Amino acid sequence: MHLEDHLGDILRKGREAAAVPLPEAARAGGLSETSWTALEETGRMDQRPNFASVAALLALNEKKLLAIADGWLPQAVELGLWRELRVITTTRDGITVNCYLVWDEVSREGALFDTGWEAGPILELIAENGVNLRHLFLTHTHDDHVAAMGALREKFPKLLLHTNSKTVPPQHRNRANDFIHLNSLRVTNRETPGHAEDGVIYIVGNWPEDAPHAALIGDTLFAGSLARGIQSTDLLKAKVREQIFSLPPETLLCPGHGPLTTVAQEKAHNPFF
């Protein structure tokens, strides 16, 4: 298992969010600019920086940052509790992205959350499990999350699209307090701008055998890290606290990149919080 963001990625994101020039961050860490640059690029330390000073400067949690530096990984999630949830991972140009297929175990009515780069693996899973794909939920419309949408809509012309994008017809836009049912499963949405203007997460509940909710969170939060605040890092962090950390601790978090995690693990270990 590998985190989506290594130590250097986290430091770079923290530095950019805090608008701290690279030389200042290097000085705070007691490193040369060359060593700091290498750390950001590779995540590897040829010399251990002054984490207390760096964390204070970059508004990161020192204890959690140290844990990342020492190799913290989220506890592996056993998906047996969520029998009708599958992770589909595709890679293009060095970018690996997750999308998720969910269906009701009785009716086989299904939904896809984002598309990743390719339709092929999704279509194979649909056929293998006899899923009647009815819904496509988009967490945001960046290319790596919607690249296969055209192929999927060609295959399933009646596919119902759900998105926060302002560029689609009104009937496809999420509404606050919407409840979408996949027979017994229930899907709700929460707005999470900050990384993308149309950012939204989806909560799937009412799983068999009382499995915890699953939150499909796109590029808001990664295990041990945060998405890039293209709009605003402050806004993104506020939305994570408000819309994700308010969920029950055992909620399964299904990010657009990297390993699965939980609300409890991110509260305890994510250095951005």
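Predicted model: local features only at pLDDT ≥ 70, side-chain atom pairs only at ≥ 80, totals over all residues.
Five strands make up an open sheet with mixed pairing, and their order is β1-β2-β3-β4-β5. The edge positions are taken by β1 (85–92) and β5 (160–162); each has a single partner strand, so one side of each is left without a neighbour in the sheet. On average, and with direction ignored, neighbouring strands of this sheet are turned by 25 degrees against each other. Within the sheet, strand β3 (residues 109–113) and strand β4 (residues 132–137) run in the parallel sense and are paired over five bridges. A handy place to look at this pairing is glycine 110, which stands opposite leucine 133 in β4. Helix α6, spanning residues 120–129, packs on the sheet. The strands that α6 touches are β1, β2 (95–103), β3 and β4, and the direction of the helix makes about 155 degrees with that of β1.

Turning to helix packing, two packed helices are described by the angle between their axes and the distance between the axes. For helix α1 (residues 7–17) and helix α5 (residues 62–69), the axes come within 9 Å and cross at roughly 150 degrees. On the α1 side the contact is made by Leu7, Ile10 and Leu11, and on the α5 side by Leu65, Ile68 and Ala69. By residue class, this contact of α1 with α5 holds six nonpolar residues, with no polar and no charged ones.

Threonine 233 is also worth a look. This residue belongs to helix α9, which covers residues 233–244. Once neighbours within four places in sequence are left aside, the residues in contact with threonine 233 are Ala17 and Leu226.

Rolling a probe the size of a water molecule over the atoms shows where empty space is left. In this model the count comes to one cavity of 30 Å³ or more. About 50 Å³ of space lies in the largest cavity. Its lining consists of Thr139, His140, Thr192, His195, Ala196, Gly199, Val200, Ile217, Asp219 and Thr220. These lining residues divide into six polar, three nonpolar and one charged.

Conventions
Residues numbered from 1 in each chain as written. Heavy atoms only, no water. Axes fitted to C-alpha atoms, helices over the stretch in contact; angles between N-to-C directions. Helix = DSSP H or I, 4+ residues; strand = E, 2+ residues; numbered from the N terminus. Contact = heavy atoms within 4.5 Å. Nonpolar A, V, L, I, M, F, W, Y, C, P; charged D, E, K, R; others polar. 1 Å grid on protein atoms, 1.4 Å probe; cavity = no way out; pocket = protein on both sides within 12 Å on 5 of 7 lines; lining within 4 Å. Points joined across faces, edges and corners; volume = space filled by probe spheres on them. Pairing = 2+ DSSP bridges.
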